[in-house]
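Here are some notes to read beside the structure, written as numbered points. Please keep the sequence and the model open while going through them.

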Amino acid sequence: MKLKSSVVLAAAAMILPLAAMAQNVAIVNGKAVPKARLTTLLQQAARAGQPVPPEMESRARDEVVLREIYAQEAEKRGVAASAEFKAQMELARQSVLIRELFADFQKKNPPSEADAKAEYDRVKAQQSGTEYRARHILVEKEDDAKRLIAEIKGGAKFEDVAKKNSKDPGSAENGGDLDFAKPDTYVPEFGKAMMALKKGEMTAEPVKSQFGWHIIRLEDTREAQFPAFEDVKAQLMQRASQVKLQAYQDQLRKAAKTDYKFSQE
């Protein structure tokens, strides 16, 4: 009977360290590195949108053990007692609290599909209308613009003249092509002159703007293109979530009693 008890005790003595190790990543200088730290580190990576493959878990294990080694040395040297450390720890504590507060709010207040659809309809209404596809040549002087207009009227290709002379680096290489856009995308002088043209028509006189002198040719027009709701639903749901969070943040700020005057008020 005594022999059996001794065997049981010996087995228990072997199992207990194994059970402890199952809860810890390692023991550093007699101090346990709990597995919860590894889990938290991996969760933070996942929250940030990083993939968490098996090899990353191995690197994360190295990281938590190295952190414990370095942290123990910092404690030994009295770093934790410094005023600077305490100030940084308070900022870190606030950052974690705030992050968890906002994460909890978003979890408990998810956006609805109706929210996303309302945002979709709002943006779609703003972007409806006619889009214009134009080419332009931008030069610094009015005389240069007039000379180039004469060249084009004399038979030179607009695209070739744009590539050679336009000061607009974004479109010159494409023969001055600006692709389809709404008129309000451009400065008012440009948009107004472009809208007055017929397809294939070029401005008879240079158009002045803050950037210089433009020669504009209208290529085509079309009704504004807009993606289907399902194609942008995920982005809209994310945006709706951010809008809810911003409203919550504003609510907390306005409800707080403080003598501080915010710069944006």
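**Notes on the predicted model**

1. The protein has nine helices and six strands, where helices (H or I, at least four residues) and strands (E, at least two) are DSSP runs numbered from the N terminus. Its radius of gyration is 33 Å, well over the 18 Å that the globule rule gives for 265 residues, so the protein is more spread out than a compact globule. For that comparison the radius of gyration is taken over C-alpha atoms, and the globule rule is 2.2 Å times the number of residues to the power 0.38. Taken along the principal axes, the box that the C-alpha atoms fill is roughly 115 × 45 × 45 Å.

2. Before going further, please note that this is a predicted model, in which local features need pLDDT of at least 70 and side-chain atom pairs count only at pLDDT 80 or more, while totals for chains, interfaces and linings use all residues. Residues are numbered from 1 along each chain as its sequence is written, and side-chain values use heavy atoms, with hydrogens and water left out.

3. How much of the protein is buried? Of its 265 residues, 28% count as buried, a word that here means under 20% relative accessible area, with exposed meaning over 50% and partly exposed in between (1.4 Å probe, protein chains only). The protein exposes about 18700 Å², of which carbon and sulfur atoms supply 55%; accessible areas come from the Shrake-Rupley method with a 1.4 Å probe, and for residues only the protein chains shown count as cover.

4. A contact means heavy atoms within 4.5 Å. Among contacts between residues at least 6 apart in sequence, 64% join residues at least 24 apart.

5. The mean positions of the 43 positive and 39 negative charges are 7 Å apart. In this count Lys and Arg are positive and Asp and Glu negative, with His and the chain ends not counted, and the place of a charge is taken as NZ of Lys, CZ of Arg, CG of Asp or CD of Glu.

6. Strand β4 (residues 177-181) includes D177, which counts as buried because its relative accessibility is 16%. Which side chain does the side chain of D177 meet in a polar contact? The partner is R133, at 2.6 Å, a polar contact being a pair of N or O atoms within 3.5 Å; within protein, one must be able to donate a hydrogen and the other to accept it, and residues adjacent in sequence count only if both atoms are side-chain atoms. Not counting residues up to four places away in sequence, D177 touches R133, A134, R135 and S171.

7. R135 belongs to strand β3 (residues 130-139) and is buried, with a relative accessible area of 14%. Its side chain reaches the backbone oxygen of G175 at 3.2 Å. Setting aside residues up to four places away in sequence, the residues that R135 touches include F158, N174, D177 and I215.

8. F180 is also found in strand β4, and, leaving aside its neighbours within four places in sequence, it is in contact with E131, Y132, R133, D220, T221 and R222. By contrast, F180 and N109 are 71 residues apart in sequence and 39 Å apart in space, C-alpha to C-alpha.

9. Two backbone angles deserve a look. Most residues other than glycine have a negative phi. D179, in strand β4, has a positive phi of about 60° although it is not a glycine, and D179 is partly exposed, with a relative accessible area of 41%. N29, in the loop between β1 (24-28) and β2 (31-34), has a positive phi near 50°, and at 69% relative accessibility N29 counts as exposed.

10. L245 lies in helix α9 (residues 229-255) and is buried, with a relative accessible area of 8%; not counting residues up to four places away in sequence, L245 touches F102, F105 and Q106. A46, in helix α2 (residues 35-47), is partly exposed at 43% relative accessibility, and its C-alpha atom is separated by 30 Å from that of A80, 34 residues apart along the chain. E73, in helix α3 (residues 54-76), is partly exposed, with a relative accessible area of 31%.
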